[in-house]
Amino acid sequence: MMVIIDYPNDGAVHMTRKCLTIILAAGKGTRMKSDLPKVLHPVGGLPMVMHAINAAKTAGTDRLAVVTGHGAELLDEALKSHGVDAQTCIQKEQLGTANAVDAARSVIDEGFDDVIAMFGDTPLVKPETLADAREKLKAGADVVVIGFETDNPFGYGRLVVKDGQLTAIVEEKEAIDAERAITFCNGGLMAFNGRKLGGLLDKIDNKNAKGEFYLTDAVAVANAQGLHVEAMIASEEDVLGVNNRVELANVEQIWQERIREKHLLDGISMTAPHTVFFHHDTKIESGVVIEPNVFFGPKVSVEKGARIRAFSHLEGAQIGANAEIGPFARLRPGANLSEKAKVGNFCEVKNADIAEGAKVNHLTYIGDASIGAGANIGAGTITCNYDGMNKAKTTIGAGAFIGSNSSLVAPLTIGDNAYIASGSVITNDVPVDAVGFGRARQETKLGLAVKLRARIKAMKEASKKT
């Protein structure tokens, strides 16, 4: 399974310590106004929950438990499709975050040194943040709350720290003035000594206005038991959750900025980075140049030295070294361009191999085809690959020249170094070194234009009289 961003992992997180990560993904997400479970909404083309899972895996987790509820079947399907090996646990009723974690009790009781509880709608958390929390557990903390500093803490639970001990999480409506002045806020993610988590969960009650079991109450329970409770600082972006589509768009923007920065640092040139959009599995080698307003869909790889020119849309395409795409080009799934191949402006390529040095320069559709090395495809060429029921293949040999405005009716083979006359409709194979013509013979009627104009003029005059 692909890791979204290749964050460094120095292996410092305790190979001798077993870690369980519990992903809370049971919420309905009603504010998303969607039939799709909230955690399956994509960021960078990947479901949010997968971002959280990838961060946990990169941070060295040994076991994953995903707590599901609303849309459990869809979530199970998504996990399987991404090759995730996780224990799914059902939260039968939405009775709070502690209740959700307790739904994974059978896994917790297997025995882990570290247990991380995180949310499936928090897709920006970095593996380093989770690793840092585990380091604190290794150093002796029993509970670690991941928080953040903000200039505007209104609405967040405040983290009250005294002499290195997190003594309380105070919600906005319950805070006194001194506590409201605190800018260190609860980010929601927590890490636990796995040997003590079960006991903490047993002591959490639902004596509150909503009658729910809150995981944050573990802080008070742990303090009452004399355990060591710490808070650590992460960036506000790290713990940013998604509750509606506005927040989803904001998270998408942040994710895109992160991946753009990574590509720039990896030696990829972008003249207007904020206009380029990547997919989570985009693979680009150093030395690639990307012009403004380029969109990468799923499964695109670009080799060194290639240039992707402005306003191009790529999906499911493999682009060879020093190839050139666009401007205004569309590469659809199965487009496979070899070294120094060119697909120019207003061209569309689908399920086709374009060999080394071949040119598809402009205003052309190439579908279900194989283009030989050094071939030249003239403007307006169309491979007629679909008869309404079946797809058929066009094969064009190396060095062939296809004249402008040609229609190539598949199945069809054009041999090496063959020549197709401009404006032809080719329905039969053209052998090596042959010339194919497929157009009506031209006739020229001298003086007929004068008569035609006179006829048109007479018709217009008659129209005015009526």
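This is a predicted model: local features need pLDDT of at least 70, side-chain atom pairs count only at pLDDT 80 or more; totals for chains, interfaces and linings use all residues.
1. Let's start with helix α2, residues 72-81. Ala72, Leu75, Ala78 and Leu79 are buried there. Looking down the axis of α2, these buried residues fall within an arc of 125°, so they line one face of the helix. On the other side of α2 you'll find Glu73, Glu77, Lys80 and Ser81, which are exposed.

2. Now the cis peptide bonds. A reminder for context: most peptide bonds are trans. The bond from Gly326 to Pro327 is cis, with omega near 5°. Pro327 sits in the loop between β20 (324-325) and β21 (330-331). The bond from Ala410 to Pro411 is cis too, with omega near 0°. For Pro411, the setting is the loop between β31 (407-409) and β32 (412-414).

3. Most residues other than glycine have a negative phi. Asn293 has a positive phi, near 60°, and is placed in the loop between β14 (289-290) and β15 (295-296). With a relative accessibility of 32%, Asn293 counts as partly exposed.

4. Asn417 is worth a look as well: it isn't a glycine, yet its phi is positive, about 60°. This residue lies in the loop between β32 and β33 (419-420). Asn417 counts as partly exposed, at 46% relative accessibility.

5. How many salt bridges does a search of the whole structure find? The count is 23. One of them pairs the side chains of Arg195 and Asp113, at 3.4 Å from N to O. Arg195 is in the loop between β10 (184-193) and α7 (197-203), while Asp113 is in the loop between α4 (105-108) and β6 (114-119), so this pair ties together parts that are 82 residues apart in sequence. Is Arg195 buried or exposed? It is exposed, with a relative accessible area of 54%, whereas Asp113 is buried at 18%. The cut-off for buried is under 20%.

6. Arg260 is buried, at 4% relative accessibility, while Glu257 is partly exposed, with a relative accessible area of 38%.

7. Last, the side chains of Glu443 and Lys445 meet in a salt bridge at 3.6 Å, N to O. Glu443 counts as exposed at 62% relative accessibility, and Lys445 is exposed with a relative accessible area of 55%. Elsewhere, salt bridges with shared partners join Arg158, Glu172, Asp177 and Arg180 into one network.

Conventions: Residues are numbered from 1 along each chain as its sequence is written. Side-chain values use heavy atoms; hydrogens and water are left out. Buried means under 20% relative accessible area, exposed over 50%, partly exposed in between (1.4 Å probe, protein chains only). Helices (H or I, at least four residues) and strands (E, at least two) are DSSP runs, numbered from the N terminus. The arc is that of the directions from the helix axis to the C-beta atoms. A salt bridge is a side-chain nitrogen of Lys or Arg within 4 Å of a carboxyl oxygen of Asp or Glu.
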